[in-house]
Amino acid sequence: MNYGKRFLYIMISAVGMMVAITGICYKTGYFPGHSDTAAFATLTLGVLLTVLGLVNLHRS
């Protein structure tokens, strides 16, 4: 087993979750001064990174 790749996929998922949470904070207004477009883009990017990391983790 290649534990380095598994760790990389876990870290990609963790960063994706962090970015998604930041997008939620932008959307709800907890971090003021951001547009709805930026909030939606950040939330979408975070979800995509999380799904990418979890799918690759499942495959390895």
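Me: Does D36 count as buried or exposed, and at what relative accessibility?
Reply: The model is predicted. Exposed residues are those over 50% relative accessible area. D36 therefore counts as exposed, with a relative accessibility of 52%.

Me: With which residue does D36 form a salt bridge?
Reply: Side chains of opposite charge can pair when their charged atoms come close. A salt bridge needs a side-chain nitrogen of Lys or Arg within 4 Å of a carboxyl oxygen of Asp or Glu. For D36 the closest N and O atoms are 3.9 Å apart, and the partner is K27.

Me: How many salt bridges does the count come to?
Reply: D36 and K27 form a salt bridge. By this rule the count comes to 1.

Me: What is the rough orientation of α1 to α2?
Reply: Helix α1 covers residues 3-28 and helix α2 residues 36-59; they pack with their axes 7 Å apart, at an angle of about 160°. Angles over 145 degrees count as roughly antiparallel. The orientation of α1 to α2 is therefore roughly antiparallel.

Me: How many nonpolar residues does the contact of α1 with α2 have?
Reply: α1 passes α2 in a left-handed crossing. By class, their contact has 9 polar and 3 charged residues, and the nonpolar ones number 15.

Me: Is S13 buried or exposed?
Reply: S13 lies in helix α1. Leaving aside neighbours within four places in sequence, S13 is in contact with L49, T50, G53 and L54. Its relative accessibility is 3%, and the cut-off for burial is under 20%. S13 therefore counts as buried.

Key. Residues numbered from 1 in each chain as written. Predicted model: local features only at pLDDT ≥ 70, side-chain atom pairs only at ≥ 80, totals over all residues. Heavy atoms only, no water. Axes fitted to C-alpha atoms, helices over the stretch in contact; angles between N-to-C directions. Helix = DSSP H or I, 4+ residues; strand = E, 2+ residues; numbered from the N terminus. Parallel < 35°, antiparallel > 145°, perpendicular 65-115°, else oblique. Left-handed = near helix turned anticlockwise from the far one by under 90°. Nonpolar A, V, L, I, M, F, W, Y, C, P; charged D, E, K, R; others polar. Buried < 20%, exposed > 50% of the residue type's maximum accessible area, 1.4 Å probe, protein only. Contact = heavy atoms within 4.5 Å.
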